[in-house]
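Please read it with the model open.

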Amino acid sequence: MKQISYGQVFSSYLGLFSFGALVFPKLTAPLILVLLILIGVGYVNKQLRWKFSAPGIFLMLLYVAYLVGIFFAHELSNGLKYAEYKLSLLVIPLLLSVKPKFDVKLQAPLIGLVAGTLVVAGIGIVSSCNCYERNHWILHCFSSSYISPVHHPSYFTGFLLFATAGCWYGWRQRWKGFYWYTVIPYTLFALVFYFFCLSLAAMLFLGMVLIGLFVYFLYKKWGKWVAIGVVITGPLLLFLLLSTLPGIKDDVRVTTKGLSEYVSDPHAFLMKRVKDPSIPGNQKRLVMWTVTSELIAEHPFGVGTGNVDEYLHNRLKHDGFDQLVADDLNPHNQYLQTMLEIGIVGLLLLLGVIGSCIRIAMKQRNFLLFLLISGLAFNMLFESMFQRQSGVVFYSFWIPVMILVIGNAANQLNQPQE
């Protein structure tokens, strides 16, 4: 009987962690505990040693900044609660700051991710069917939070897109199970589910990715002038496409109208919305961004960990947005959220995570890491991606895993051949 090596167990557990954290978010703590034990065994057996990366360091320092912010919390319990939510920013990158003596493949984590997205999507389909039995409203029940009840739709679209790209990477690597007759059906299913989530930000990012890939193909085949022509006309075509999709075209119309009013006179825009009891979702974001920016100008070093809701509610009440106070909205922008909570230092650390990942992705020509971090950077413009466990755990896990795999592959190439 063939003995299973530590390296095989390590890679397999990364796959199990990827699957478990996606399907059973409440079991993240036990999954991290098992990972801690596994890493400890690796150090004892001298299969692993410390190796810190710039993205991992920035993630951990970002968490330290949140810890420092607790000293300024008006209520210690709130500060500690927020620190607990974000603990994965410290623990997972720390545990995965390793240099293994064995080859680490991306296959197992990607299989776990693909399987996890299928299970979560299945849960969403059941949720939508139950909703339809009660309400008989197909567009309402088979979209947004009903089709994605486990994770916020904007988060889940990011997971789906990364998993789809991973499938095609596995097909190019000729991994077992990643065949054209498995990858193509998954891609079609993921894209359909992606659209059902009805996230305008996700649609825009997907359009940007597809246009980027198409431009790259044209550049390689017909040269730069054809590629430049597509770059100029592509955004217009994307806008026209989004303007015709059911459920999205209304979002586009309301968003563009609200943005136009906002740019022309931000103060008048806010005052008009005070009198409007039913502010559209995308215009709520403009209100929250404006109010948050005003608070940042008053508190450039942050208001303290756990104090954001209090400051936002007080300002919204002062400005007359009682309905937004009842909705208990966050800024819907991670950059603004971070800067309001822990100041300019926190924002610089967050940008450090993004910048260092992009640098490594460009240097190593790794499309998967570039897609992962650019998707996060774009979505953070419209969602506070690190305010939910879904976002914190997913990116705290996948960024270090990608760095680990890339670094391990580079070490394998640099080793002398026998």
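The model is predicted: local features need pLDDT of at least 70, side-chain atom pairs count only at pLDDT 80 or more, and totals for chains, interfaces and linings use all residues. Residues are numbered from 1 along each chain as its sequence is written, and side-chain values use heavy atoms, with hydrogens and water left out. The chain has 20 helices and two strands; helices (H or I, at least four residues) and strands (E, at least two) are DSSP runs numbered from the N terminus. Of the 418 residues in the chain, 48% are buried. Buried means under 20% relative accessible area, exposed means over 50%, and partly exposed lies in between (1.4 Å probe, protein chains only).

**Contacts along the chain**

- Of the contacts between residues at least 6 apart in sequence, 74% join residues at least 24 apart; a contact means heavy atoms within 4.5 Å.

**Cavities**

- The structure holds two cavities of 30 Å³ or more.
- A cavity is a set of points, on a 1 Å grid over the protein atoms alone, where a 1.4 Å probe fits but cannot get out; lining residues have an atom within 4 Å of a point.
- Grid points are joined across faces, edges and corners, and a volume is the space filled by probe spheres set on the points.
- In the lining classes, Ala, Val, Leu, Ile, Met, Phe, Trp, Tyr, Cys and Pro count as nonpolar, Asp, Glu, Lys and Arg as charged, and the others, Gly among them, as polar.

*Largest cavity*

- The largest cavity has about 120 Å³ of space.
- It is lined by 14 residues, and Ala21, Leu22, Ser390, Val393 and Phe394 are the closest to its centre.
- Helix H1 (6-23) and helix H20 (389-414) are the elements that give two or more residues to this lining.
- H20 provides the largest share of the lining of the largest cavity, six residues.
- Nine residues of the lining of the largest cavity are nonpolar, five are polar and none is charged.

*Second largest cavity*

- The volume of the second largest cavity is about 90 Å³.
- Its lining has 13 residues, and those nearest the centre are Gly158, Leu161, Phe205, Leu371 and Gly375.
- At least two lining residues come from each of helix H9 (153-172), helix H11 (200-222) and helix H19 (367-379).
- H19 gives the most to the lining of the second largest cavity, with five residues.
- The lining of the second largest cavity comprises nine nonpolar, four polar and no charged residues.

**His151**

- His151 sits in the loop between helix H8 (144-147) and H9.
- His151 counts as buried because its relative accessibility is 3%.
- The His151 side chain reaches the backbone oxygen of Leu22 at 2.7 Å.
- Leaving out residues up to four places away in sequence, His151 touches Ala21, Leu22, Pro25, Val120, Phe156, Phe159 and Ser390.

**Cysteines**

- The structure holds one disulfide, which is a pair of cysteine sulfur atoms within 2.5 Å.
- Cys131 and Cys141 are joined, with an S to S distance of 2.1 Å.
- The link of Cys131 and Cys141 is left-handed, with -60 degrees about the S-S bond.
- Cys131 lies in helix H6 (residues 107-135) and Cys141 in helix H7 (residues 138-141), ten residues apart.
- Cys131 is buried, with a relative accessible area of 0%, and Cys141 is buried at 0% relative accessibility.
- Cys129 is in no disulfide; its nearest cysteine sulfur, that of Cys141, is 9.4 Å away.
- Cys129 is partly exposed, with a relative accessible area of 34%.
- Cys167 counts as buried at 3% relative accessibility.

**Positive phi**

- Most residues other than glycine have a negative phi.
- His136, which is not a glycine, has a positive phi near 55 degrees.
- His136 lies in the loop between H6 and H7 and is exposed, with a relative accessible area of 58%.
- Ser144, also a residue other than glycine, has a positive phi of about 50 degrees.
- Ser144 belongs to helix H8 and is partly exposed, with a relative accessible area of 30%.

Key:
1 Å grid on protein atoms, 1.4 Å probe; cavity = no way out; pocket = protein on both sides within 12 Å on 5 of 7 lines; lining within 4 Å. Polar contact = N/O pair within 3.5 Å; in protein donor to acceptor, adjacent residues only side chain to side chain.
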